[in-house]
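Welcome, and thanks for taking a look.

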Number of protein chains: 2
Amino acid sequence: MPLRIARLVAVLITAAAAVLPLAAQKRSVPASSPLTLQEQGSFFVGGRDVQSDALSTNPRFPSSGTITVDQVYVHYQVPVSSKRHYPLTLIHGCCLTGKTWETTPDGRMGWDEYFVRKGFPVYVIDQSWRGRSAGSPAAINAAKVSKTPIQGLPGVFSASHEGAWAIFRFGPEYLKVFPGMQFPLEAQAEFWKQMVPDWIESLPTPNPTVPALSELAQKLGGTVLVSHSQSGIYPFQTAALSTRGVVGIIAIEPAACPASSDDMKPFKGLPILVLFGDYVSQSARWSPRVTLCREFVKAANAAGGRAEVTLLPEVGIHGNSHMLMQDKNSLTVADWLVRWVNQHVGPKPF
Amino acid sequence: MPLRIARLVAVLITAAAAVLPLAAQKRSVPASSPLTLQEQGSFFVGGRDVQSDALSTNPRFPSSGTITVDQVYVHYQVPVSSKRHYPLTLIHGCCLTGKTWETTPDGRMGWDEYFVRKGFPVYVIDQSWRGRSAGSPAAINAAKVSKTPIQGLPGVFSASHEGAWAIFRFGPEYLKVFPGMQFPLEAQAEFWKQMVPDWIESLPTPNPTVPALSELAQKLGGTVLVSHSQSGIYPFQTAALSTRGVVGIIAIEPAACPASSDDMKPFKGLPILVLFGDYVSQSARWSPRVTLCREFVKAANAAGGRAEVTLLPEVGIHGNSHMLMQDKNSLTVADWLVRWVNQHVGPKPF
């Protein structure tokens, strides 16, 4: 098709989509059609000013002064939509950034855009001290000029391809693959490029991301916090700080749930989904975590909670790795999540 | 206006925008109207696998293995448009990330979206080893376990608020403001949150971002490289590696231009704009750089180049700081750039 005609067709499709009732649009417009946004942008939540005399060891830049750290970068898109969905806030895991939720390694649409197409405002963060959220170089520079001993160097680590393989449940060990596993391993080189150094060991508990998420939840007037892996516990810690603005929690393959002996009051009445993929029983790392999350869910529900643990194979979705938002059936999982949110969280009240 | 009616109006505006001729649309649709994208997403260019035995000092994570570094994160949006514009690739400067081009500190639309609304596909990167583009923690960990001397610690620095003030030409010194200066200082707290540690001193020359930009330019089949400050030289270094895919260079307030004694062959016939804001003659830092860029432009043009240096006051735009993409008149500057690109680069050939 010549390009001029292709562009004309695209314009006509956009025009048709805009005048059709929105309910019909959702069914009739494929994912590859143009996307219309009401609004998009980025901003920070959290952050504090700190003074330091170890900002630089290069005489071209002054070593003393003020920098701002602990803030959390937030990128958002709001669809043109007739539904009053609460926003979804997507919180990535260990050694990764907000890129987690964008275009998959093999080039398919990420959940960030798919949920917008399903009518949800979507907020994607970079955890504190990672990605576009600044940390401080002061501990490195102080050691470099011998102001502090080398033991004062920050805890910062990178997950190797070899080590991450089994943690992400691509298979039981490096280069072995679970039968039917859905992660697009043919594009693994692109996936490894997503991984960044992780400073979490240098940060206090709760991670500064947690109060920043509370600020975001209150600013939005209600959001479903969707965490993954390392950040699995953050939404629970956020609700424990303040339940204001937290209208639901989806913890995807959380590294930890709250202990069953923790205070369950923050979770009373709150829709909570703890979601795992496939092959969990074959993983010495993940299997005990599912057990502990089940104990939490039992305790939360005994205290008036609305919590559940779901393993995707239990609802007929098979082959999912730990990186299920990037698996080949990622949009099937997303559709299931949309139904869960609609049933358990529901629309914003007028 | 009740929300249902507001949404109906938004839908009708979208419908009208879609059926109007696109030339009329550009004039009639305000910046706050819905935005329709043909496509968006993210991916990486560049990158290489490295082996290390210093990935972690925490026994929970293996210290040995393979990680991928030097890649460059790219986020892009492509408008629904009738124009055959070449894409713009936006390359941030020192101590910053791709956030530079997004929503301004005081909450106005960033150039990333504005150029899309003007019909350009826009690609925003995070420089290598910064933001969502991974570096390696190995030099830190090797020093921490005394495998290497502390002199092997990486060069990494943060620019302080106090030091950045004059460099960004908010005023002649910290807290003093040039008369008529357009940066939204009332939102400076949000701006300081954009600044991140900078590892550039630990990286080779040219920065790994440069070959990654060349890969991107070739992948796109032509792009205008738009650099800022520290990255000012990168587009020139990219063209020197290979002119393939580089259809224009806009160096905004470059820290350096090529030397006038450099090989000018890569720049023959290439549209090049070196753009500075206001107050340059009052800055001991920036004034000599303008002089050196003028010498480069003279040498480039003597060798068949199409290069120019422009100071915004020369074209009637006043009050611009070094962060002119965030100044209160940022869209006036963007409009001027769009005209420059249309005049000097022009559309893609059919």
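What follows is a briefing grouped by topic.

This is a predicted model, in which local features need pLDDT of at least 70, side-chain atom pairs count only at pLDDT 80 or more, and totals for chains, interfaces and linings use all residues. Residues are numbered from 1 along each chain as its sequence is written, chains are lettered from A and ligands numbered from 1 in the order in which they are written, and side-chain values use heavy atoms, with hydrogens and water left out.

**Chain A as a whole**

- Chain A holds ten helices and ten strands; helices (H or I, at least four residues) and strands (E, at least two) are DSSP runs, numbered from the N terminus.
- The radius of gyration of chain A is 22 Å, close to the 20 Å that the globule rule gives for 350 residues, so chain A is as compact as a globular protein of that length. That radius is taken over C-alpha atoms, and the globule rule is 2.2 Å times the number of residues to the power 0.38.
- Along the principal axes, the C-alpha atoms of chain A fill a box of roughly 65 × 55 × 50 Å.
- Of the 350 residues in chain A, 63% count as buried; buried means under 20% relative accessible area, exposed over 50%, and partly exposed in between (1.4 Å probe, protein chains only).
- Among the contacts in chain A with a separation of 6 or more, 74% come from residues 24 or more positions apart; contact means heavy atoms within 4.5 Å.

**Surface and charge of chain A**

- Chain A exposes about 12,900 Å², and carbon and sulfur atoms supply 56% of it. Accessible areas come from the Shrake-Rupley method with a 1.4 Å probe; for residues, only the protein chains shown count as cover.
- The 31 positive and 25 negative charges of chain A have mean positions 6 Å apart. Lys and Arg count as positive and Asp and Glu as negative, while His and the chain ends are not counted; each charge is placed at NZ of Lys, CZ of Arg, CG of Asp or CD of Glu.

**Where chains A and B meet**

- On the chain B side, 84 residues are in contact with 84 residues of chain A.
- Between them, chain B and chain A bury about 7,000 Å², with 55% of it on carbon and sulfur atoms. Buried area is the accessible area (1.4 Å probe) that two parts lose on being put together, summed over both.
- In chain B, Phe44(B), Arg132(B) and Lys193(B) lose the most area to chain A, together 11% of what that side buries.

**Backbone features to look for**

- As background, most residues other than glycine have a negative phi, and most peptide bonds are trans.
- In chain A, the peptide bond from Thr205(A) to Pro206(A) is cis, with omega near 0°. Pro206(A) sits in the loop between helix H6 (188–192) and helix H7 (209–220) of chain A.
- In chain B, the bond from Thr205(B) to Pro206(B) is cis, with omega near 0°, and Pro206(B) is in the loop between helix H6 (188–192) and helix H7 (209–220) of chain B.
- Cys95(B) has a positive phi, near 70°, in a residue other than glycine. Cys95(B) belongs to the loop between strand S5 (88–91) and helix H3 (111–117) of chain B, and is buried, with a relative accessible area of 0%.
- Glu253(B) has a positive phi near 45°. This residue is found in the loop between strand S8 (246–252) and strand S9 (271–276) of chain B, and Glu253(B) is buried, with a relative accessible area of 0%.

- Leu90(A) lies in strand S5 (residues 88–91) of chain A and counts as buried at 0% relative accessibility. Leu90(A) and Val124(A) are 34 residues apart in sequence, yet 4.9 Å apart in space, C-alpha to C-alpha. Leaving aside neighbours within four places in sequence, the contacts of Leu90(A) include Trp101(A), Asp112(A) and Val226(A).
- Phe191(B), in helix H6 of chain B, counts as buried at 0% relative accessibility. Not counting residues up to four places away in sequence, Phe191(B) touches several residues, among them Phe168(B), Phe170(B) and Phe183(B).
- Ala300(A) lies in helix H9 (residues 287–302) of chain A and is buried, with a relative accessible area of 1%. Not counting residues up to four places away in sequence, Ala300(A) touches Met264(A), Gly305(A) and Ala307(A).
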